[in-house]
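Here is a short briefing for a reader with the structure at hand. Please keep the chain in view while going through the points.

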Amino acid sequence: MTKKLFVVLLLSLTIAACEPAGTENSNGNTNAKPPASTPAPASPEPSASVKPQLKAGDKVKVTINGSTSDATVVSVDEKSGKVTIKVEGQKEDKTVAITDVIKN
């Protein structure tokens with residue numbers, strides 16, 4: 001009978017150890033409220049003060065593969081954050097991230 005009582009006690013302690021702690025803090029304060037979370041912004045689009053105001057025809061400097069080149073803006077897609085540019089000395093237009101472009 002003592003052996004069964006010991007096994008039941010050991011099982012109950014094991015189960016209690018595996019249960020989540022609940023809302024108690026490590027300092028034992030059970031009346032503490034959980035920290036309020038701040039809601040995420042509705043859209044991940046950067047603010048107007050952060051993104052450069054580019055338009056077709058602007059002379060810019062662009063970083064491509066770690067080097068800076070002079071270029072001209074062909075078009076801007078602010079919604080996707082992309083700029084199509086014409087790099088000086090190259091025939092084809094390139095589409096790059098708006099963050100890679102610096103207005104002169």
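The model is predicted. Five strands form an open sheet, and the pairing is antiparallel. Two residues get a closer look: Thr95 in strand β4, and Asp58 in the loop between α1 and β1.

**Sheet**
- The strand order is β4-β3-β2-β1-β5.
- The edges are β4 and β5 (101-103). Each of these strands pairs on one side only.
- From one strand to the next, the twist averages 45°.

- Strand β3 covers residues 82-87 and runs antiparallel to β4. Five bridges join the two strands.

**Thr95**
- Strand β4 spans residues 93-97 and holds Thr95.
- Is Thr95 buried or exposed? Thr95 is exposed, because its relative accessible area is 54% and the cut-off is over 50%.
- Thr95 touches Lys82, Val83 and Thr84, leaving aside residues up to four places away in sequence.
- Lys82 is 13 residues from Thr95 in sequence. Their C-alpha atoms are 6.4 Å apart in space.
- The side chains of Thr95 and Thr84 are joined by a polar contact of 3.5 Å.

**Asp58**
- Asp58 sits in the loop between α1 (2-18) and β1 (59-64).
- Is Asp58 buried or exposed? Asp58 is buried, because its relative accessible area is 10% and the cut-off is under 20%.
- Which backbone nitrogen does the side chain of Asp58 reach? The nitrogen belongs to Lys55, at 3.0 Å.
- Leaving aside residues up to four places away in sequence, Asp58 touches Gln53, Ala71, Thr72, Val73 and Lys103.

**Side by side**
- Asp58 is a buried loop residue, whereas Thr95 is an exposed strand residue.
- For Thr95, the partner is the side chain of Thr84.

Methods:
Residues numbered from 1 in each chain as written. Predicted model: local features only at pLDDT ≥ 70, side-chain atom pairs only at ≥ 80, totals over all residues. Heavy atoms only, no water. Helix = DSSP H or I, 4+ residues; strand = E, 2+ residues; numbered from the N terminus. Buried < 20%, exposed > 50% of the residue type's maximum accessible area, 1.4 Å probe, protein only. Polar contact = N/O pair within 3.5 Å; in protein donor to acceptor, adjacent residues only side chain to side chain. Contact = heavy atoms within 4.5 Å. Pairing = 2+ DSSP bridges. Axes fitted to C-alpha atoms, helices over the stretch in contact; angles between N-to-C directions.
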